[in-house]
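Me: I would like to learn how to read the features of a fold from its coordinates, one at a time. Could we work through this one together?

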Amino acid sequence: MCGIIGYVGNRNALPILIEGLKRLEYRGYDSAGVAVLNSGKIILQKSAGRISALEHVISEFGPDKLNARAGIAHTRWATHGAPNDINAHPHASGDGSIAVVHNGIIENYSALRTYLKQKGVSFTSDTDTETIAHLIALHYKDNLEAAVRAALQDVQGTYGIVAVCAKEPGTLVAARNGSPLIIGVGRDEYVIASDAAAILEHTSQVIYMEDNEIARITADGFRTTTLDAVPVTKDVEEVEWTLDQIELGGHEYFMEKEIFEQPKVLETCLRGRLDLRDHCIHLGGIVDCARELVRAQRVVLTGCGTAWHAALVGEYLLEDLARIPAETDYASEFRYRNPIIDAGTVVIVVSQSGETSDTLAALQEAKQRGAMVLGVVNVVGSSIARETDHGIYLHVGPETGVASTKAFTGQVTVLTLLTLYLARRRHMSQRSMNNYVTALGRIPGQIDAILEQNASVRTIAERYMDQNNWLYLGRGYNYPVALEGALKLKEISYIHAEGLPAAEMKHGPIALIHEGMPVVFIATKGTQYGKIISNVEEVRSRGGHVIAVATEGDRDIAELAEHVIYVPDTLEPLQPLLTTIPLQLLAFHAAVARGCNVDKPRNLAKSVTVE
Ligand code: F6R
């Protein structure tokens, strides 16, 4: 949610900043801007719309006249103020000598605005960020770092900021509180960004800034201190992602790429963890807390959106297979409802980005109440990964498509591994374990087989793309899959869709069903197969068109459904890993057919770092 990049070094800063913005565009894409330090002045350009619109503005301005060695840039997802040219970042002080980019929310911005107005400051935008630029200018004497430090004493809220000053043309000053910033360390140059994706092209050596830290960066080096000016020594770490992982690699959309790479990335997720020879599970991230986990009296899983759906699958797995009482809570609700958490409760926090603000707050709440907190996170070094007591990374590589796909299957895979590990330590027989381990090992290949049906799923999506209401129904392990399928469709195609436990349909939503309405049933063979077939009949008899996701070889369902998408047979608790795939494809093709920008759906941005 919003992307920041800053550069200081010996190369021309402008193209580096623009390329960096393109890598960050999935973080926010309603407006963008750049400020570079050129001949003792700050040159600032911004524009509503995509980065391409900003490039257009810059091309008219004549970028070849500039040869700046430092600058900052931003791509925005609006919080305060409409998405237009004026509200785009960077924001500058009245005399144009200070410019700042900001992620986060300044909570006391209204009071600061009043205070600054009393001091004679006039505002040009409706944003909270502009107050920071004016505050820094107010405190500036001859040292940008000192001015930023002083300004932040007055600020309440969350921020990741990078500031520049016309009088110190080779210096960037960055500060973090609740919004990530990573400093990429190159040779005689530094790239600072809110996300490693913007840095990888230049270096894989990074420093993660922590909350309440300030960094002063020049081409010759950097210095980090706390907000109270206590020096902090930082370790340089290696980012494990590679550049090709954040490129489209021949696909038109990142979402498509990420759907199709699931077999490969899930193999990586399982590697070294799923032991097919000895039929056991190794999870390095929980070695130090295994005893506590095995003895947990209760598990609470939390996350948002797709991660919440994965957590719900986790709840079903933990209760069914490990026999540990488990419940799933929306991270956004968790801390506001006085949850019962004690030392016997383990809280599992599920997040792709590791930066979702509600999830981070739930984590902090759980820790404060004395729970052991375990992270199931994709982004290494992210805030959630750093704040949890223990964790298991997904290792599915960077997810750039705004609609989460491979992260969901990665989260479910990790929660399955964890459940099996705990189940075996608690009571599961080795014989059962053998079956689960073997079945889990087959999942990547089975996903490959489902992906081969891409063309026929596209045909179904194209047939129903004009229908504005869809239902997704599933039972047991496939209920969270129904929720996830519906979410995918709505977020990228703007079709209204609802996911429900199939039996709940009779208690109200059945009234929605009309002739030709698409109803997606996840109706694989399992304990509740007979029941879901009855629900299929109920929909059919009211004229609904059934699209069934069914187990290979099930000919009976083909008699009832308009369309059947087959998935290979597997053990029932592993079915979500397979049944999700056709629903991802269905949503993707429906959105493409409707002419939607799949990777940049309206109003959305990857990683929601505001409450
Ligand atoms: C949906 C989607 C969101 C995220 C949610 C949590 O496709 O991507 O619902 O799942 O915002 O994000 P993370 O997992 O980064 O905490």
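Me: Which residues is Ile 348 in contact with, leaving aside its neighbours within four places in sequence?

Reply: In this predicted model, Ile 348 is in contact with Val 299, Val 300, Leu 301, Thr 302, Leu 318, Leu 374, Val 376, Leu 415 and Leu 418, once the neighbours within four places in sequence are left aside.

Me: What does that say about the largest nonpolar core, and which residues touch the most other members?

Reply: In soluble globular proteins, nonpolar side chains tend to be buried together. Here the largest nonpolar core has 92 residues, and Ile 348, Trp 470 and Tyr 472 are the ones that touch the most other members. Helix 13, residues 406-426, supplies the largest share of this core, with 11 residues. Another core, of 33 residues, lies apart from it and includes Ile 5, Tyr 26, Ala 68 and Ala 73.

Me: How should I read the sheet of five strands, and in what order do they come?

Reply: Strands of a sheet pair through backbone hydrogen bonds, either parallel or antiparallel. In this open sheet the order is 19-18-20-21-22 and the pairing is parallel. Strand 19 (326-330) and strand 22 (390-393) stand at the edges with a single partner strand each, so one side of each is left without a neighbour in the sheet. From one strand to the next, the twist averages 20 degrees. Strand 18 (residues 298-303) is joined to strand 19 in the parallel sense by five bridges, and Val 300 has Glu 327 in strand 19 as its bridge partner.

Me: How many residues of strand 25 are buried, and which lie on each side?

Reply: In a regular strand the side chains alternate between the two faces of the sheet. Strand 25 (residues 518-522) has five of its five residues buried, with Pro 518, Val 520 and Ile 522 on one side and Val 519 and Phe 521 on the other, so that both faces are covered. Four bridges join strand 25 to strand 23 (residues 469-474) in parallel, with Gly 474 having Ile 522 as its bridge partner. Five bridges join strand 25 to strand 26 (residues 545-551), again in parallel, and there the bridge partner of Pro 518 is His 545.

Me: Where does a charged end sit over a ring?

Reply: The charged end of Arg 602 sits over the ring of Tyr 494, at 3.9 Å from its centre, while Lys 525 lies over the face of Tyr 529, 4.6 Å from the ring centre.

Definitions and conventions. Residues numbered from 1 in each chain as written. Predicted model: local features only at pLDDT ≥ 70, side-chain atom pairs only at ≥ 80, totals over all residues. Heavy atoms only, no water. Core = buried A, V, L, I, M, F, W, Y, C linked by side-chain atoms within 4.5 Å. Buried < 20%, exposed > 50% of the residue type's maximum accessible area, 1.4 Å probe, protein only. Helix = DSSP H or I, 4+ residues; strand = E, 2+ residues; numbered from the N terminus. Contact = heavy atoms within 4.5 Å. Lys NZ or Arg CZ within 6 Å of the ring centre and 35° of its normal. Pairing = 2+ DSSP bridges. Axes fitted to C-alpha atoms, helices over the stretch in contact; angles between N-to-C directions.
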